[in-house]
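Below is a short briefing for a reader new to this structure.

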Number of protein chains: 2
Amino acid sequence: MSEGLEEILEKSSRLMANRGFHGTSMRDLAAATGLSQSALSHYFRSKQALLFLINLQGFTALKDAWLKIGSVMKTPHERLYAFIFVHVTYFVDHMSEMRIMTWGTLALRLEKAKMIQKLKDQYTDIARQVVREVREAETDRPMEDARVSREVYLLFGMMNWMQSWYSAKTHGAPADLIDDIYGTFLGGISRPQRNEQNVTFLRDAMRDLYRAHAADPGRSNAARP
Amino acid sequence: MSEGLEEILEKSSRLMANRGFHGTSMRDLAAATGLSQSALSHYFRSKQALLFLINLQGFTALKDAWLKIGSVMKTPHERLYAFIFVHVTYFVDHMSEMRIMTWGTLALRLEKAKMIQKLKDQYTDIARQVVREVREAETDRPMEDARVSREVYLLFGMMNWMQSWYSAKTHGAPADLIDDIYGTFLGGISRPQRNEQNVTFLRDAMRDLYRAHAADPGRSNAARP
């Protein structure tokens, strides 16, 4: 993604996240980005196109980061930690985009909405696989499909809800949030204590991997206009 | 709350939840409720007043239900189950209101926003107390305040995120969702099995209490216009 587009998407997302989809016009977006409406339409032709671009870029980035980082992890527990790490780290850096991505795709034309839904489904399938594997590693009781789905959505809930409350200043560093989500999802509030060493190892490994991924010039071009 | 107001709030909430605050006008709301704009303004004078009313009604109802039902519970675990039960049950019945309540109160005048914030803070304090007590009952390791806050928001995340995915048809009855949230928050995905008997007992007790509460003509008048 070019630097120019990245900055424009960021400013546009911030405005649209605050004003809502219906409360934002191309004129507002032009003002927020400091461009003329015709210059802005070089990047996206309508606010529908912007909504599509934010979703495409976001879900592609999440999936790409997972494919690189998750594939290096060796155990189901490491993969669960990595999944949470990638998801939370991406959204701490893209809070406005996150709010917009949770609106869904009702405003898009059917064909575009289907493209985004497919990406979302692939990403949810990854989560389902991660959750199922960690459950199987912990206990030999199989989990019925409906419950796997519910548990996956509980995990997404713990992660995505941060858009409504989280600030590093008040609530601690992202790493603390990631550790709590991992610990609570795995062992609940009643877990006697965290396996600090294990989490510290994972935390450091993940940070290095994520940095290397973010710096990789070969990462996805999907969102290039 | 009078029957007429309840129905009007429900229809108005459904429209505003779908269109967004900025995308909804008093004219749209009049059309959705089948009233003239002047008849509608008898119930609320502006969409800001509607936003205030939905928040006031919602957080008051949640707090009232908790005060009645939570006070009957004898143990920290029962209180945690009851808190989740009341919250999820209320929002399964008021999904549009829930979506609107998560928008926050930026669109309200300062004085009104402060009233809602106070209700929210009181409700969050209840959750904090419930979580702290159940943690103390499970382990003698004290939990630092910042972590209690994060855990409370993880719990709210598991519950509130249902607005983006839950349907009884696809994902099972609300009771299954409540049991999973309780089980995962308390013991994590790796819990060997649920204490079925305990949950069944709680589930039945809660349903009866909630029904009795909902039928009580003396419950809150706070949202009467």
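**Briefing**

Asp179(A) lies in helix H10 (residues 174-187) of chain A; helices are DSSP runs of H or I with at least four residues, numbered from the N terminus. This is a predicted model, in which local features need pLDDT of at least 70 and side-chain atom pairs count only at pLDDT 80 or more, while totals for chains, interfaces and linings use all residues. Residues are numbered from 1 along each chain as its sequence is written, chains are lettered from A and ligands numbered from 1 in the order written, and side-chain values use heavy atoms, without hydrogens and water.

**Asp179(A)**
- Asp179(A) has a relative accessible area of 3% and is buried (buried is under 20%, exposed over 50%, with a 1.4 Å probe and protein chains only).

**Helix H2(A)**
- Met26(A), Leu29(A), Ala30(A) and Thr33(A) are buried in H2 (residues 26-33) of chain A.
- These residues are on the same side of H2(A) because they cover an arc of only 100° around the axis, taken from the directions from the axis to the C-beta atoms.
- Arg27(A) and Ala31(A) are exposed on the face turned away from that buried side.
- Gly34(A), which follows H2(A), has a positive phi near 75°.

**Chains A and B**
- Chain B brings 41 residues to the contact and chain A brings 40, contact being heavy atoms within 4.5 Å.
- Four salt bridges are counted between the chains (a side-chain nitrogen of Lys or Arg within 4 Å of a carboxyl oxygen of Asp or Glu).
- Asp180(A) and Arg147(B) form a salt bridge, with their closest N and O atoms 3.3 Å apart.

Key. Helix = DSSP H or I, 4+ residues; strand = E, 2+ residues; numbered from the N terminus.
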